[in-house]
Amino acid sequence: MGALRVEGRGRTLKVYYVSRDLPLLGHIAFGLIDRGTNLLQVRPTSLCPLSCIFCSVDAGPHSRTRQTEYVVEDVDHIVAWFRQIMDFKGVSLQAHIDAAGDPLVYPRVVELVAKLKKTGASVVSLETHGATLTIELAERLDDAGLDRLNLSIDSLDPELARHLAGTEWYDVHKVLEVAEYIASSLSMDLLIAPVWVPGFNDREIPRIIEFALRIGAGKRWPPLGIQKYEAHKYGRKPPGVKPMSWREFYAKLREWEREYGVKLVLSPEDFGIRKAKRVPQVFTRGETTRVQIVGPGWHKGQWLGVGRNRVVTVVGVRGQPPVGRGLRVRILRTKDGIYIAEPI
């Protein structure tokens, strides 16, 4: 891994370029995530240009918890791991390009889409807030074979959109212009995916529904995927906002379904997502093992380790990581093949 120090607003962080030496399973911020279905999450970067006030992973220039950002420098490295997992599962997989940030800032995102499509992936989709999306980029993604763009638009009002994005230069009018162009002129499908933040954009959600239906989003899949704001451990929590209950959330979605005649309560089946053989876990919770330290972890008090061809996040540490040294650890978490450990 190579590192480049860059300046963020009010902070200094390291951007690590993940080389072919590192495995791409085991971490939540970069690589691939298998949750036991025919869809793989593909995360080429953790960088984000926005600092949304409700961000569940504290992304962007205003992050207070991150010490490191990641960029997988070689597209072929990602594709090789994707193909290997698809061969193991024995089914054509969907590749969903997402991020603990925004994948459109990945400089080789168009190439990534094209090469994932060439593996035989049944669907290649990508999610973004669209801050850096242009008509030209949308056309290039379409030509590369992108099947669906999940576009998060949280408000149609420019001032409120900037506030929610935590970014003064964010221009929702440009995002809306590109969204209309995609729906009317490109082959890829468009899904509008606002985050409903109670007390902030309650009145905007019906307007966004009307916008998505007016421009013709959802030619192959549902036109909307409304997301419920949740308070996460490392996420941002807007002052005074209390997450609504799932019961209340779904009740309102069903009310809007009746009003607008569109499906809003979605399930994995709506996107062709079904269970598939899971990549075996290489560690078990509670076991002790040895990992090699390769760099700093994502958040403060973390190091990055590698063991059994998987990335392992070592928590509860201090100081600079002893890169190249072995460390005995106890595995604390293995869910979805994302490994967390502590030194012993």
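In the predicted model, a polar atom of the asparagine 201 side chain lies 2.7 Å from the backbone nitrogen of valine 197, a polar contact being a pair of N or O atoms within 3.5 Å in which, within protein, one must be able to donate a hydrogen and the other to accept it, with residues adjacent in sequence counting only if both atoms are side-chain atoms. Asparagine 201 sits in the loop that runs between β10 (195-196) and α6 (204-215); helices (H or I, at least four residues) and strands (E, at least two) are DSSP runs numbered from the N terminus. Because its relative accessibility is 0%, asparagine 201 counts as buried (buried means under 20% relative accessible area, exposed over 50%, partly exposed in between, with a 1.4 Å probe and protein chains only). Not counting residues up to four places away in sequence, asparagine 201 touches Asp154, Leu160, Leu164, Val195 and Trp196, contact meaning heavy atoms within 4.5 Å.

Local features are reported at pLDDT of at least 70 and side-chain atom pairs at pLDDT 80 or more, while totals for chains, interfaces and linings use all residues of this predicted model. Residues are numbered from 1 along each chain as its sequence is written, and side-chain values use heavy atoms, with hydrogens and water left out.

Arginine 236 is placed in the loop between β11 (227-228) and α7 (246-260). A polar atom of its side chain lies 2.4 Å from the backbone oxygen of alanine 59. The relative accessibility of arginine 236 is 13%, so the residue counts as buried. Beyond four places in sequence, its contacts include Cys52, Phe54, Asp58, Ala59, His62 and Tyr229.

Aspartate 58, one of the residues touched by arginine 236, belongs to the loop between β4 (39-43) and β5 (68-72). Its phi is near 55 degrees, a positive value in a residue other than glycine. Aspartate 58 is buried because its relative accessibility is 4%. A positive phi, about 60 degrees, is also found at asparagine 309, which is not a glycine. Asparagine 309 lies in the loop between β13 (302-307) and β14 (310-315) and is partly exposed, with a relative accessible area of 44%.

Leucine 190 is part of strand β9 (residues 189-192). With 1% relative accessibility, leucine 190 counts as buried. Its contacts, leaving aside neighbours within four places in sequence, include Leu149, Leu151, Ala179, Ile182, Ile215 and Pro222.

For the chain as a whole, seven helices and 16 strands are assigned. The radius of gyration is 20 Å, which agrees with the value near 20 Å for a compact globule of 344 residues; the radius is taken over C-alpha atoms, and the globule rule is 2.2 Å times the number of residues to the power 0.38. The C-alpha trace spans about 60 × 45 × 40 Å along its principal axes. Of the 344 residues, 57% are buried. Among contacts with a separation of 6 or more, 70% come from residues 24 or more positions apart. The chain exposes about 15300 Å², of which carbon and sulfur atoms supply 49%.

Terms used: Accessible areas come from the Shrake-Rupley method with a 1.4 Å probe; for residues, only the protein chains shown count as cover.
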